[in-house]
2 protein chains.
Amino acid sequence: MGLVTTATSRSAARSGRSRLTPEERRTQLLDLGVSLLATRSLDELTIDVLAEEAGISRGLLYHYFGNKQDFREAVVRRAVEDLVEQTAPPSEGEPLERLLASLTVYVDYVENNYQGYVSIVRAAASGNDTLRELYEQARTALTDRIFREDAQGTIIPETPETRLVVRAWSAFAEELVLAWAEDPASMTRDRLLDVLTASLPALVEILD
Amino acid sequence: MGLVTTATSRSAARSGRSRLTPEERRTQLLDLGVSLLATRSLDELTIDVLAEEAGISRGLLYHYFGNKQDFREAVVRRAVEDLVEQTAPPSEGEPLERLLASLTVYVDYVENNYQGYVSIVRAAASGNDTLRELYEQARTALTDRIFREDAQGTIIPETPETRLVVRAWSAFAEELVLAWAEDPASMTRDRLLDVLTASLPALVEILD
């Protein structure tokens, strides 16, 4: 499950075609970059590594991605888009069931992409403005959907106070999952999902 | 209140003495560095700025602090020691009263030292191992005391699960206070303190 499978199956589907457009080829390379990031930090994800894995020249990669920094930013952009897409809550069901489904995919994602995910979180927190912005966009997308209205209503009603608490809750969820992934013996996976899901209403309830 | 006052009064007490030992002089310079950090990011805190504020030569500062990186690390070490010391919960009182008292000082601290605090959090999250270690030590010190036993018992009983939840709660608290400090209109200060204090037992209760 998770990112690697997605990226691999995407690439497989594409490589069945006889000729790729430059845009498709770039997407395929980005997918490969994202799948390599799963088990590597951002610093370890170099043009050289990608060239070797893709079996093409470094020169051609520079043609697609400009420079090392642009390449990393493109991979991170793609990785966070994947994360946001994969963790979309199902449109049907009770609010807490939908939240649980979304959080289950998030935990899968962090488990399957631990090295890369930790390095993105760190890079985002540090000086690089573009990476920080990408990370903030992802966090905003992940928390916005908590307030999005659909047929079943919103998961949490939106006010300035609930906004603040949901944003802080997303830091809680991220830290809990990362700390658990470092030491999985501290809590069962089911228990982790219980705590993640129950924590949001428990925190919002304090505002009542 | 806050770091600046503490640092200034410490320096004032010391400058009353006719002669300082090198160790006292270094401490006085560190206090000044910490107070300057309140309204500056770590990057803006340079040997030049300190030299000007202290009215001494850059050469003398290099004598005390070796190089720019050592100087910044020494200032951060002192700043987090101050934070841990100032936010020590009172030894008397009910667990939640003690927690509220500690969190009130923490909110004061972040308000009074916003620029420097944000830059320390960012520097800690990024690549610098020493700063990350200092930050982790501070976070551990801040969460350890939640489990420390005294005459009134512990605030939260210690298990691997409560450890994980308290660590994640500290990320929640940090994010909530930083987000609130950025946009204080979103919630009153009293309400912020209510949420901070009530959130810890609410999260730990999920484990029951």
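The model is predicted, so local features need pLDDT of at least 70 and side-chain atom pairs count only at pLDDT 80 or more, while totals for chains, interfaces and linings use all residues. Residues are numbered from 1 along each chain as its sequence is written, chains are lettered from A in the order in which they are written, and side-chain values use heavy atoms, with hydrogens and water left out.

The contact draws 30 residues from chain B and 30 residues from chain A. The size of an interface is often given as the accessible area lost when the parts come together. Here chain B and chain A bury about 2,800 Å² between them, with 67% of it on carbon and sulfur atoms (accessible area lost on being put together, 1.4 Å probe, summed over both parts). On the side of chain B, Leu164(B), Glu175(B) and Ile206(B) lose the most area to chain A, together 20% of what that side buries.

Six salt bridges are counted between chain B and chain A, each a side-chain nitrogen of Lys or Arg within 4 Å of a carboxyl oxygen of Asp or Glu. In a salt bridge between the chains, the side chains of Arg191(A) and Glu161(B) meet at 2.9 Å, N to O. Among the elements of chain B that give two or more residues to the side touching chain A are helix 8 (129-147) and helix 10 (189-205); helices are DSSP runs of H or I, at least four residues, numbered from the N terminus. Helix 9 of chain B gives the most to that side, with 14 residues.

Leu83(B) lies in helix 5 (residues 68-86) of chain B. Leu83(B) is buried, with a relative accessible area of 4% (buried means under 20%, 1.4 Å probe, protein chains only). Not counting residues up to four places away in sequence, Leu83(B) touches Tyr106(B), Tyr109(B), Tyr117(B) and Leu142(B). Of these contacts, Tyr106(B) is 23 residues from Leu83(B) along the chain, and their C-alpha atoms are separated by 7.6 Å.

Terms used. Contact means heavy atoms within 4.5 Å. Buried area is the accessible area (1.4 Å probe) that two parts lose on being put together, summed over both. Buried means under 20% relative accessible area, exposed over 50%, partly exposed in between (1.4 Å probe, protein chains only).
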